[in-house]
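Trainee: Please go through this model with me, starting from the sheets and ending at a pocket.

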Amino acid sequence: MPTPLPLSPGPINGLQDLVDFLEKTGLRLPVNMFQATGHVIAETENFLRMRHLGEIGPDRPSLLILPQTDFARAIGRLYGFRIGTVVVSDQWHALAREVALYYPQLTVDVGVSHLKTWVPPEQPSRIIPFGDQFRHMLPHSRAIELTVQLYRRRAQSRTYRPLWHDVPLPGALAERIGRTEKYALIHLKTDTVNATAQATDPTTYLDALAYLQDNGYRLVMAGRERMPDAFRRFDIYNYAGDPLASFENDLILFRHARFALLAGSGISYLAEIFDIPFVYANYWHLCFPPFARRAVALPTVLQERKTGGTLPFDNHYALLSLFTDFTFWNFPHDVLTARPAAADEILAATQEALSLSHDEIPPPTPLQQRLNAMDPVGCARISDSRVCQYFLERFTPLMGTAPPVRA
């Protein structure tokens, strides 16, 4: 474990001071980390796995500079001891961006996004305005490869848990959850963004919530979305609407949960890093499933608007490759419609995920292996997660005529 360095913003008053300091100490700046739930987790994890696997010299000290955000403060407080040194400062973050642009040899790229602060001169990219800054946008093939690399690193270091912690629940949070041996986190989407093609229908969750409550789980509404009125029939703690909700408390809350029912790629990383059973519902990025061994995925089934035909899984897998380079992967509502998971599918996925709670995890079924093997990108083939067996039995015809995978 690297030894934290005694460092404060005081001695460094400008860009040249920072460059001189990095050159003198041998420190390197991890760069291209974005302040969003999915990215800050995935990219912190990516950095630590790169170091664990020797891609970054294990003796090379690192200085992680982040802007003043709740994400950054949580990473610094919970994982600073593991990273080396973390400075949370808008002023320093602006300097770090300049270093990335003009002294890239003093940085290490840990990003998995198709948006970058800096790219090598030979790397194709397009400069776009993003927020109040310009960013490089990578071609889709390169962006996909960065994600595949992260999955490979996870596969090469399965027993390494870089973001594990044992911080107990804060007293006020524990009091609100109540005296219970186990609680389940519930999350849905109220808008269309990233891997979500449409807002979650809360009524499709009700059977699963009833099952969880009947089996002794305390229900906790996670995320930041407004809790649906349909959920109020249950004894559910609305953490999402509580002033206690923060990214740091999210990381603590997920650490001690026993199950999660989730919609949205970013928040699913919180379940992944703590190895809890979870359902990842209603995602349309079929080629980017969870990696986690205790994850059960429920993809969105897609239909063509023009013909009404249901998209076979091989065509669904290929969707991201059809997007024009230097564009965002937004769901193509003009040509496709999304069929969300039904209530019985969410219940079945919940039951299947709970069956993965034990030390001995059963292998994927032949159907589950077959679907993962169809992935042309590579992430599903590398992943330890599985698509819900009940779902696959219902939609087996969408697999086409590919030969089955033998158990």
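**Sheets, helices and a pocket**

Mentor: Seven strands form an open sheet with parallel pairing, in the order β10-β9-β8-β11-β12-β13-β16. Strands here are DSSP runs of E with at least two residues, helices are runs of H or I with at least four, and both are numbered from the N terminus. Two strands pair if DSSP finds at least two bridges between them. This is a predicted model, in which local features need pLDDT of at least 70 and side-chain atom pairs count only at pLDDT 80 or more, while totals for chains, interfaces and linings use all residues. Residues are numbered from 1 along each chain as its sequence is written, and side-chain values use heavy atoms, with hydrogens and water left out.

Trainee: What angle does the direction of α9 make with that of β12?

Mentor: Strand β12 (residues 278-283) runs parallel to β13 (residues 295-299), joined by five bridges, and Phe 278 stands opposite Ala 295 in β13. Helix α9 packs on the sheet and touches β11 (259-262) and β12 (contact: heavy atoms within 4.5 Å). Angles run from 0 to 180 degrees between N-to-C directions, with axes fitted to C-alpha atoms, for helices over the stretch in contact. For α9 and β12 the angle is about 165°.

Trainee: Is Asn 282 buried or exposed?

Mentor: Asn 282 is found in strand β12, and its phi is near 65°, a positive value in a residue other than glycine. Buried means under 20% relative accessible area, exposed over 50%, and partly exposed in between, with a 1.4 Å probe and protein chains only. At 8% relative accessibility, Asn 282 counts as buried.

Trainee: In the sheet β5-β7-β6, why is one side of β5 and of β6 left without a neighbour?

Mentor: The three strands form an open sheet with antiparallel pairing. β5 (115-116) and β6 (126-130) stand at the edges, so each has a single partner strand.

Trainee: Which residue in the turn between β6 and β7 has a positive phi?

Mentor: Five bridges join β6 to the antiparallel strand β7 (residues 133-137); the bridge partner of Ile 127 is His 136, and that of Arg 126 is Met 137. The two strands form a hairpin with two residues between them. With a phi of about 65°, the residue in the turn is Gly 131.

Trainee: How far apart are the axes of α7 and α11?

Mentor: Helix α7 (residues 206-214) packs against helix α11 (residues 343-354) at an angle of about 35°. The contact includes Tyr 211 and Leu 212 of α7 and Ile 346 and Leu 347 of α11. The axes are 7 Å apart.

Trainee: What is the volume of the second largest pocket?

Mentor: A pocket is an open set of points on a 1 Å grid over the protein atoms alone, where a 1.4 Å probe fits, with protein on both sides within 12 Å along at least five of seven lines; lining residues have an atom within 4 Å of a point. The pocket is lined by 16 residues, with Arg 49, Arg 158, Tyr 160, Glu 272 and Asp 275 nearest its centre. Grid points are joined across faces, edges and corners, and a volume is the space filled by probe spheres set on the points. That volume is about 340 Å³.
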